[in-house]
Amino acid sequence: MDRIPPPRRPRVCAGWSMLFILLLASRTPAEETNGTSAVPETGTSCVALVSLDQLMRSFIRDNGLPGAALAVAQEGRLVYARGFGYADAERTERVQPDSLFRIASISKPITAVAVLQLVDQGKLHLDDRVSDLLPPLPGPATASCRDPRWHDVTVRHLLQHRGGWDREFSQDPMFRSTEIAARLGIPSPPGPRDIIRFMVDQHLDFDPGARYAYSNFGYCLLGRVIEHVSGTDYETHVRTRLLAPLGIDRMRIGRTTPAGRADGEVGYIDPTAQTGPSVVEAAGGSTTVPGPYGTWCLEAMDAHGGWIASAIDLVRFASRIQDPAPHGLLSLPSYTAMTARPPGAAGVDDDNSPRPHYYGLGWSVRPAGSAGRHNLWHAGGFAGSSTLLVIRHDRFCWAVLFNTSATVDGATPADKIDSLVHQAVDAVPTWPADDQFPQWLGR
């Protein structure tokens, strides 16, 4: 296991009135506070932001969670970044404001923006057919077994989860490593291109574009589209072309096993303590492992769920979404396409009325009044992690990351805390005038 760096020295708020009480960022052990079980905290705390502190303390304590990180940006400035609780099951490492977590499906907005940047550069079009963008990938049987509807799938379909795959009917191939490896006659776990080789021999579940069905596999394909168009591997392209210009240099594709834990990455705690056979053939294939560490292959999930990131990294990324190029990440046409309502059943209810929210290009979208404003969000979850990233129409954005996947009452932490963060943000009377991004990021 990589060595985890010691906690950073706490930083106090700059430019605050003396009426505001400056609190120490890293608390003393719980036993020293009135004899009660306090939640360890790291990062800067200011009295004006007490609603956020109180939410995280009570949420972790009342829901029996090990740890979490919360970061909030306003108008492009990082105004809050704190860690709460513990980064490991032994309760020896505290979560830091910049601790790395598996972000699971928040990887999809990362992939979507990378695709849209290629569209802005004229290297790709949303209505390009995916079969034209990938090299021939023979399946385990013959090309004649392929569903001809494969040739109707477009980049836009994949981004909006309208590609034709429905995991409720045909299961999710991204979690079928052992089966797919056996079918292809290769070692487990299969990589993304191996999974595609398997899937080209399978029938689609519905006509491309006909409706919405959440598809991890669709985003696996988008990762390969990025590789084909950019001429480099998916992770390298995203890190150098999308993240590095934002000063984000620690985000990366995570690793399946504990031995691959990155420097500064939390440990993952499955509250159900479920185990299963390892999909990693090097481990013997039948070795029983904890759910978060080998019952599925994280590396193969790169473009739809493989990234690890800090809450600070994610709000840096999110805070640049609403700004038009050249200062933001996307052109105005691409932002408009990203937030547009999809056609047909994906965008309207059975009575043909507009859905109150829908899936755009990489984000869940809820229109917010007039003037083309929207709330955007994406959640993610694996055994041992639960994550949420929100961009609000009033130019607030936040990320909250947990290193477990369920509360004591069996709820998903990200779902349960969602509305509570909105309330805590709205309760802040005055926001800091300074920006913490320079403290945490490279640029």
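Ser 385 touches Arg 102, Tyr 268, Gly 380, Phe 402, Asn 403, Thr 404 and Ser 405, leaving out residues up to four places away in sequence. This residue lies in strand E14, which covers residues 385-391, and Ser 385 counts as buried, with 1% relative accessibility. The model is a predicted one. Its chain holds 14 helices and 15 strands, and 55% of the 443 residues are buried. Of the contacts in the chain with a separation of 6 or more, 69% are between residues 24 or more positions apart.

**Nonpolar cores**

- The largest nonpolar core contains 97 residues, and Phe 217, Phe 317 and Ile 321 have the most contacts inside it.
- Helix H8, residues 216-230, supplies the largest share of this core, with eight residues.
- Another core of 27 residues lies apart from it, and includes Leu 52, Leu 55, Ile 417 and Trp 431.
- Neighbours within four places in sequence aside, Phe 217 is in contact with Trp 150, Trp 165, Pro 173, Met 174, Ile 195, Ile 196 and Met 199.
- Two of these contacts, Trp 150 and Trp 165, also join Phe 217 in one aromatic cluster.

**Aromatic pairs**

- Across the whole structure, a search finds twelve aromatic pairs.
- One of them joins Tyr 212 and Tyr 359, whose ring centres are 6.1 Å apart and whose planes are at 35 degrees, so the pair is tilted.
- The two residues of this pair are 147 residues apart in the chain: Tyr 212 is in the loop between helix H7 (192-199) and H8, while Tyr 359 is in strand E11, residues 358-359.
- Tyr 212 is partly exposed, with a relative accessible area of 35%, whereas Tyr 359 counts as buried at 5% relative accessibility.
- Tyr 359 also pairs with Tyr 214; here the ring centres are 6.4 Å apart and the planes are at 85 degrees, so the pair is edge-to-face.
- This second pair likewise links distant parts of the chain, with Tyr 214 in the loop between H7 and H8 and Tyr 359 in strand E11, 145 residues apart.
- Tyr 214 counts as buried, because its relative accessibility of 17% is under the 20% limit.

**Charges over rings**

- Lys 108 lies over the face of Tyr 219, at 5.9 Å from the ring centre.
- Arg 316 is placed over the face of Phe 437, with a distance of 5.1 Å from the ring centre.

**Packing of helices H2 and H8**

- Helix H2, residues 107-120, packs with H8 at an angle of about 35 degrees, and the two axes are 10 Å apart.
- The crossing of these helices, H2 and H8, is left-handed.
- On the H2 side, the residues that meet H8 are Lys 108, Thr 111, Ala 112, Ala 114, Val 115 and Leu 118.
- On the H8 side, their counterparts are Asn 216, Tyr 219, Leu 222, Ile 226 and Val 229.
- Lys 108 and Tyr 219, both listed in this helix packing, are also the residues of a charge-over-ring arrangement.

Technical notes
Residues numbered from 1 in each chain as written. Predicted model: local features only at pLDDT ≥ 70, side-chain atom pairs only at ≥ 80, totals over all residues. Heavy atoms only, no water. Core = buried A, V, L, I, M, F, W, Y, C linked by side-chain atoms within 4.5 Å. Buried < 20%, exposed > 50% of the residue type's maximum accessible area, 1.4 Å probe, protein only. Helix = DSSP H or I, 4+ residues; strand = E, 2+ residues; numbered from the N terminus. Contact = heavy atoms within 4.5 Å. Phe/Tyr/Trp six-rings, centres within 6.5 Å; stacked < 30°, edge-to-face > 60°. Lys NZ or Arg CZ within 6 Å of the ring centre and 35° of its normal. Axes fitted to C-alpha atoms, helices over the stretch in contact; angles between N-to-C directions. Left-handed = near helix turned anticlockwise from the far one by under 90°.
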